[in-house]
Amino acid sequence: MTEEQQTDFVIVGAGIAGLRAAIGLAADGARVLVVTKEALGESNTNYAQGGIAVAMSGEEDVSLHLEDTVNAGDGLVNREAARVLVEEGPLRVEELMLWGTAFDRENGKLMLTREGAHSRNRILHAHGDATGAEIGRALLRHARAMPNITLREWTTTIGLDLEDGVVAGVQLLDRDESVRHVYARAVLLASGGAGQVYSDTTNPAVATGDGIAMAWRAGAEIADMEFYQFHPTALSLPGVQRFLLSEALRGEGAYLINSGGERFMERYHPLLELAPRDVVARAITREGMGPNGETPPVYLDMRHVTNIDPGKRFPGISAFLAEHKLDLRRDLIPVRPAAHYLMGGVRTDVHGRTSLPRLYAAGEVACTGVHGANRLASNSLLEGLVFGARAAEAMAGVPAVPNPSVERPKQVPVHHARDFSEALRELQKLMWNNAGLLRDAEGLKAAAAEFPRLSRPWRGTYLTRALVEYRNLQTVSRMIVQSALGREESRGAHYRNDFPQRDDDRFARHSIIQKDGARPSSILRMEEEDVVTSAAV
Ligand SMILES: Cc1cc2nc3c(=O)[nH]c(=O)nc-3n(C[C@H](O)[C@H](O)[C@H](O)COP(=O)(O)OP(=O)(O)OC[C@H]3O[C@@H](n4cnc5c(N)ncnc54)[C@H](O)[C@@H]3O)c2cc1C
C-alpha cells in the first residue's frame with residue numbers, strides 16, 4: 001500500500017539534533033513530522049554518558065575550547081564551523097536547562113569534569129553518567145508539548161523523493177511494511193552515525209548510516225568517511241555487549257595498565273590516559289598484542305581513586321559492571337576499543353545545508369567539519385544541539401512547493417524475505433579487520449574485493465527494514481574503504497600502517513565522494529584542494 005501525505009518539514013531522527021531542530025521549526029508555527037526507526041529515545045543520544053562540552057565560564061574558555069577542538073581535529077577542522085560550535089554552545093545549553101535538563105550540581109554550582117585533550121574542566125554531566133538520556137528526556141518533553149510536532153515511531157525512512165534534482169520529500173516504511181511518501185518544503189537528516197558497520201561498536205542497532213547512504217543515492221556530497229573514531233575503552237568480556245566505559249573515568253583519575261601490570265601510556269603520549277582517543281585506542285591495541293599476536297587484556301584501573309565514590313559518580317556504569325560481578329573500587333576492568341563516532345558524513349555548511357537543494361543535515365550524520373580528522377570528546381552532543389538549531393533557522397526560510405511532481409526511485413522488487421544476519425556479521429567483521437583502527441592498502445583492497453559478493457543477498461528480496469539497513473551499511477562501508485585507500489597518510493583517527501606519517505603536502509584536505517553522474521554542487525563552495533571522487537560506491 002502506498003500513501004501520500006504533505007507536511008511543512010520532515011525530520012529523520014529523534015536524537016539531540018532532530019529534536020532540537022523540530023522544536024525550532026515548530027516554534028515558528030510550521031507542521032513538523034519527526035520519524036524514528038524504533039521507540040523514541042532509542043538513539044546514540046540516549047547512550048551518551050560522559051557529558052556535553054561547553055565553555056560556560058567566559059570568553060577565555062570559549063577561545064580555549066576552540067583551540068582544543070582545532071588541535072584534536074589534526075589539521076582538518078573547519079575553523080568557521082568550530083567557532084560557531086563553541087560560541088553558540090553556551091546559549092544553547094542555557095536553553096536546554098530552561099527546558100528542564102538537570103545537569104549535576106554541587107552546592108548549586110554546575111559540576112564540570114574533564115575528558116581527553118581538553119585543556120580545562122568544561123564537561124557538564126547529568127545523573128553522573130546518563131547525560132544523553134537526560135537531555136533527550138527534556139527535549140522530548142518539550143517537543144511533545146508542541147501540538148504541531150508529530151512524532152512517529154517505528155518508521156524507517158528508505159529514500160528521498162526528488163523533483164528535478166530538488167529534494168521534495170521522503171519515502172517511509174511503516175512497521176506493517178507499507179510504504180508512504182511524505183512531501184515537504186525541506187527535509188532534515190538527523191539520523192545519527194553508522195557504528196553498525198563494525199563488529200565491535202558502542203552504538204545501538206539503529207546506527208546504520210541510513211541518512212548518509214540515502215543522501216549519496218540522491219546525489220549529495222559525502223565527506224571525510226575515512227575518519228571513524230574508535231573509543232579506547234569498551235568493556236571486553238566474552239559474550240557481553242561492547243558497553244562503553246566513559247572517558248570521564250580516566251578524567252577522574254583511572255589508569256590504563258597492561259597484562260604485566262604496567263601503566264603504559266607514558267610510552268605513547270605526554271597526556272597519558274587523557275591523550276586523544278585515537279592515540280589511546282592504538283596504544284591499547286598494541287599493548288594487547290602479545291608476542292604471538294594473541295590479545296591479552298588491557299585493564300582500566302580505578303582502585304587508587306579515593307576522592308570520589310564511583311558508585312555515586314558513575315551509577316549507570318557501576319550498575320552494569322555489577323551485573324557482571326565487577327566493581328570499580330576493587331577490580332581491574334578489561335577493556336578494548338570499539339567503533340564509536342563517525343566524523344565524516346553528509347557535507348554541510350554552517351547552516352546545515354547539504355549540496356542538494358532543500359536537503360539539510362545535522363548531528364552525527366552531517367560533516368560540518370567541526371571535528372576534522374578526530375572529534376574532541378563530548379563535542380558531538382553540542383554539535384547536534386547547535387547545528388540542529390541552526391538547520392531549523394535555515395529551513396524556516398524555505399518556501400513551500402505547490403504540488404510537487406516527484407521522480408520516484410524504482411522500488412526494490414519484492415520476492416521473499418531473507419535473513420541478513422549472517423551476511424551482516426561477515427560485513428562487520430570484514431570492516432573491523434580490514435578498515436578498523438589500523439589499516440593498510442592490502443587489507444583495504446581485500447575488503448573492496450569482497451563487496452560484490454556481499455552485495456548479492458539483497459538483490460530481488462523483500463523490502464524490509466533489515467534489507468534497507470544492510471544495503472545502507474554496504475554503501476557506507478564502501479565509502480569508508482574508498483576514502484581510507486585514497487588517504488595515503490596517517491592523520492587523526494585514520495591510521496595507515498603503510499603510511500604512518502601525516503603528509504600535509506598531499507593530504508591537508510577533505511575527501512569528498514559523490515555518486516557518478518551527480519550534478520555539480522549548487523550550494524556549497526567546493527574548495528580547490530578537496531579531493532573529489534565521483535564514484536559508483
Ligand atoms: C555509548 C555512547 C556514548 C556517548 N557519549 C557521548 C558523550 O558523553 N558526549 C558526547 O558529546 N557524545 C557522546 N556520544 C556521541 C553522541 O551520543 C552522538 O554523536 C549524538 O548523540 C548523535 O546525535 P544525533 O541526534 O545526531 O543522532 P542519534 O542520537 O543517534 O539519533 C539518530 C536518530 O535517527 C533515527 N534514525 C536513523 N535512521 C533512520 C531512518 N532510516 N529512518 C528513521 N529514523 C532513523 C534513530 O532511530 C534515532 O532516532 C556517545 C555515543 C555513544 C554510542
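**Briefing on a predicted protein chain**

Just after helix H1, Gly29 takes a positive phi of about 95°. The model is a predicted one, and the protein chain in it holds 15 helices and 22 strands.

**The chain as a whole**

- The protein chain has an accessible surface of about 20,600 Å², and carbon and sulfur atoms supply 49% of that area.
- When contacts in the protein chain are counted between residues at least 6 apart in sequence, 72% of them join residues that are at least 24 apart.

**Helix H1**

- Helix H1 runs over residues 16–27, which gives it 12 residues, and the distance from its first C-alpha to its last is 17 Å, close to the 16 Å expected at 1.5 Å a residue.
- Because 10 of the 12 residues of H1 are buried, the helix is largely enclosed by the rest of the structure.

**Ser246, in a loop**

- Ser246 is found in the loop that lies between strand E14, covering residues 228–235, and helix H7, covering residues 247–251.
- With a relative accessible area of 3%, Ser246 counts as buried, because that value falls under the 20% cut-off.
- The side chain of Ser246 reaches the backbone nitrogen of Ala248 at a distance of 2.9 Å.
- Leaving aside residues up to four places away in sequence, Ser246 touches Gln49, Gly50, Glu115 and Ile317.

**Ser511, in a strand**

- Ser511 lies in strand E21, which spans residues 511–515.
- The relative accessibility of Ser511 is 10%, and this residue therefore counts as buried, since the cut-off is under 20%.
- The side chain of Ser511 is joined to the side chain of Glu226 by a polar contact of 2.5 Å, and a polar contact of 3.5 Å joins the side chain of Ser511 to that of Arg487.

Note on methods
Residues are numbered from 1 along each chain as its sequence is written. This is a predicted model: local features need pLDDT of at least 70, side-chain atom pairs count only at pLDDT 80 or more; totals for chains, interfaces and linings use all residues. Side-chain values use heavy atoms; hydrogens and water are left out. Helices (H or I, at least four residues) and strands (E, at least two) are DSSP runs, numbered from the N terminus. Buried means under 20% relative accessible area, exposed over 50%, partly exposed in between (1.4 Å probe, protein chains only). A polar contact is a pair of N or O atoms within 3.5 Å; within protein, one must be able to donate a hydrogen and the other to accept it, and residues adjacent in sequence count only if both atoms are side-chain atoms. The expected span of a helix is 1.5 Å times one less than its number of residues. Contact means heavy atoms within 4.5 Å. Accessible areas come from the Shrake-Rupley method with a 1.4 Å probe; for residues, only the protein chains shown count as cover.
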